[in-house]
Amino acid sequence: MAQAVLPQPVQRLINELSRLPGVGPKSAARLTFYLLRTADEQALDLAQALQDLIERTQFCSTCFNITEEDPCLICQDAGRDQSILCVVEEPLDVLAIERSRAFNGRYHVLHGAISPVEGVGPEDLRVAELVERVEQGKFRELILATNPTLEGESTSLYIQRRLAREGLRITRLARGLPVGGDLEYTDEITLSRAMEGRQEL
Amino acid sequence: MLAYQLVYFVLLMHITRLSLTNFRNYGRLELDLPVGPSLIHGNNAQGKTNLLEAVYYLATTKSPHADQDQQLINWVAMQAEEPVIVGRLVAQISTSQGVKTIEMRLIYERSQSLRNGRGSFRREALVDKRKVRLMDLLGHLRVVMFLPEDVQLITGSPRQRRRYLDITLCQIDPLYCRTLSNYNKVLEQRNALLRQIAEGQSSRAMLPIYTEKLVKLGSRVLVRRARFVDELAREVHRIHYEALTEGRETVRLHYLPGLWHNKPGNNDTDTNGKGWAAWWQTHSQDEAAVAERFDEAVETSFAADLARGATSVGPHRDDWQFLLNGRSLSSYGSRGQQRTAILALKMAEINWMTGQTGEVPILLLDEVVAELDAQRRALLLDYVKDANQAFLTATDPAMFSLDFLRNASSFLVENGRVQLDTGQIGFS
Ligand SMILES: Nc1ncnc2c1ncn2[C@@H]1O[C@H](COP(=O)(O)OP(=O)(O)OP(=O)(O)O)[C@@H](O)[C@H]1O
Ligand SMILES: [Mg+2]
Ligand SMILES: [Zn+2]
């Protein structure tokens, strides 16, 4: 007896989608059938977008952010402060800091954080490139903006130790109280960190 | 219960409703819970202990029984061909700050890709339907549990004793819980790094960073635990001496930090912790001094650690012990003496939690009342009367006095179903 099977292209897309983080087989199937039913154009746009993602982007050879042209727009921008460098774990962190408009210097994207458990050491990140950039001596200040996790903090400490030298100020982001928050309802951890990172008025 | 007591009690922390789905032998349970004492009775293997375990699990995120949390999911549900199987525990609780819902989900996902049919297990915690970190579930409910096997705290492994300290402290000290969890993460990273260094896959450059964090977090963990043991020890001694042995015997608790024994020239001569105890007396407020000791010990054991691929000193290797009239209770105590000390410990735990939070914790007593003589039973039931809410299991309700039963609610448990007794039991 013939058994109903999915046409191979349908099954293939379901398989590919379900390999994405956060997408299970069920939602992969739902997305696939949604695409089958939409206008051809919309589905092809998506395919084109995927292709462009791979073919038209690269890592900036200076800061290792994702970019269409190399060097990236930020590295090209002469209007930005050349003497201050902000080190982040991921390209999305650059975006978040840019959105805040609080920073007008250069970036360096490490592409991860050190974690021996996961087999990630300094040599698996863009640390050597960072060292090289800093050794050229143009930066006055280095802001270590890694995540406030054990991995992020260890990475910052490691970089700080490797790069500490005369004439280079190394700072990290303050961890503190959320704006608009109520002291009374702030959890102890955040509060104790804010206390540790208190500042002169 | 008197009316004015009732009004007072309902303002304090208690569970108003418990819902279980696919938890142990409960396929589905919806149970309204009263304040005051509740007797949970029924034949063997019907689900009495499982009910207490559910409450304990919601309060501590830990099971007192299961080695793997996956075992908590109802095994009938696990038989189903479903891709995802979820066990749920939900408690509606009332506290002085209002009404809250806390929930724990046990999620087993059969993975499609793995041929062997094994899946992945994870847990989710929710407060008022919003996902939170597991440790944020702590502190909403506080419980003290009495189990027949508690005596293993004295005779069992150091791991069990550390677990007891950690679970108890975590219920009331979120900062400790966070520190401990970070310490364990650092430890794991450091051990992984040690193995990579030993295999020549990694340089030593990162090691000082993890070692410093290990020492900083580890000494905090150690100091908090040792202070906790001190606080508990005073209460245990008092209860044991005054109420349980009428001044005949003295019990002391000692924290035993592994790093003290690993000190060079100190090899195992200090197993009773006397040297440490004297040192601690003058340094209990001095975290920096502890950190210095810890640092030395890590330094000393470095070569050995590298060879083992594991960190051999630190609070993850610590222990604590009971001394009865100056001698180790686990080595020299009789069974009865050990039980008495455990009873004192648990009563002290109630007093300690009450002192720390201003509220009596919810009491969970599994079968323990049956083992006690009349005098101790009466003493324990005094604690039960003072609690906002208490759950006691028994196969035979007749062991409780009529006076106690008159003031308690009672539930019959039968094969994963729970039913409120309407008539007065013991009066039939
Ligand atoms: N994951 C599970 N799924 C289904 N049933 C389970 C699971 N784990 C344990 N059980 C069953 O739950 C039943 C009730 O256990 P429980 O320990 O609560 O009984 P009890 O009423 O306390 O009995 P006793 O008086 O003997 O202590 C046992 O028969 C046990 O086999
Ligand atoms: Mg039982
Ligand atoms: Zn760039």
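Modeller: In chain B, the C-alpha centres of domain 1 and domain 2 are 31 Å apart. The model is a predicted one, in which local features need pLDDT of at least 70 and side-chain atom pairs count only at pLDDT 80 or more, while totals for chains, interfaces and linings use all residues. Residues are numbered from 1 along each chain as its sequence is written, and chains are lettered from A and ligands numbered from 1 in the order in which they are written.

Domain 1 of chain B takes in residues 3–142 + 362–420, and domain 2 of chain B takes in residues 150–338; these bounds come from an automatic or database domain assignment. Between the two domains of chain B, nine residues of domain 1 are in contact with 10 residues of domain 2, a contact being a pair of residues whose C-beta atoms, placed from the backbone, lie within 7 Å. On the domain 1 side, the elements that give two or more residues are H2 and helix H15 (374–386) of chain B, where helices (H or I, at least four residues) and strands (E, at least two) are DSSP runs numbered from the N terminus. By class, that side of domain 1 of chain B has four nonpolar, two polar and three charged residues, with Ala, Val, Leu, Ile, Met, Phe, Trp, Tyr, Cys and Pro counted as nonpolar, Asp, Glu, Lys and Arg as charged, and the others, Gly among them, as polar.

Helix H2 (residues 48–60) of chain B also gives the most to the shell around ligand 1, with three residues. Of the 16 residues around ligand 1, those that come nearest are Asn25(B), Asn44(B), Lys48(B), Thr49(B) and Asn50(B); a residue is near a molecule if its C-beta atom, placed from the backbone, lies within 6 Å of it. The shell around ligand 1 divides into four nonpolar, 10 polar and two charged residues.

The loop between strand S3 (36–41) and H2 of chain B holds Asn43(B), which counts as exposed because it has 12 C-beta neighbours inside 10 Å. The scale behind that word calls a residue buried if 20 or more other C-beta atoms, placed from the backbone, lie within 10 Å of its own, exposed if 12 or fewer do, and partly exposed in between. Asn43(B) and Asp286(B) are 243 residues apart in sequence, and their C-alpha atoms are 53 Å apart in space.

Two further residues of chain B deserve a note on their backbone. Asn22(B) has a positive phi of about 50° although it is not a glycine; its place is in strand S1 (residues 14–23) of chain B, and with 23 C-beta neighbours inside 10 Å Asn22(B) counts as buried. Asp128(B), also not a glycine, has a positive phi of about 50°, but it lies in the loop between strand S6 (119–127) and strand S7 (130–132) of chain B and counts as exposed, with 10 C-beta neighbours inside 10 Å.

Further along chain B, Asp318(B) is in the loop between helix H11 (302–308) and strand S10 (319–324) and is buried, with 23 other C-beta atoms within 10 Å. Leaving aside neighbours within four places in sequence, Asp318(B) is in contact with Arg162(B), Leu222(B), Leu256(B), Pro257(B) and Gly258(B), and its C-alpha atom is separated by 9.5 Å from that of Trp260(B), 58 residues away along the chain. Trp352(B), found in helix H13 (residues 335–357) of chain B, counts as buried with 20 C-beta neighbours inside 10 Å. With neighbours within four places in sequence left aside, Trp352(B) is in contact with Glu231(B), Leu232(B) and Glu235(B).

Chain B also meets chain A, in a contact that takes 14 residues from chain A and 17 residues from chain B. Here the axes of helix H8 (residues 188–196) of chain A and helix H6 (residues 174–198) of chain B come within 9 Å and cross at roughly 80°; axes are lines fitted to C-alpha atoms, for helices over the stretch in contact, and angles run from 0 to 180 degrees between N-to-C directions. H8(A) and H6(B) are therefore roughly perpendicular to each other, since angles under 35 degrees count as roughly parallel, over 145 as roughly antiparallel, 65 to 115 as roughly perpendicular and the rest as oblique. Glu188(A), Ile189(A) and Ser192(A) in H8(A) meet Pro174(B), Leu175(B) and Arg178(B) in H6(B), and by class this contact has three nonpolar, one polar and two charged residues.
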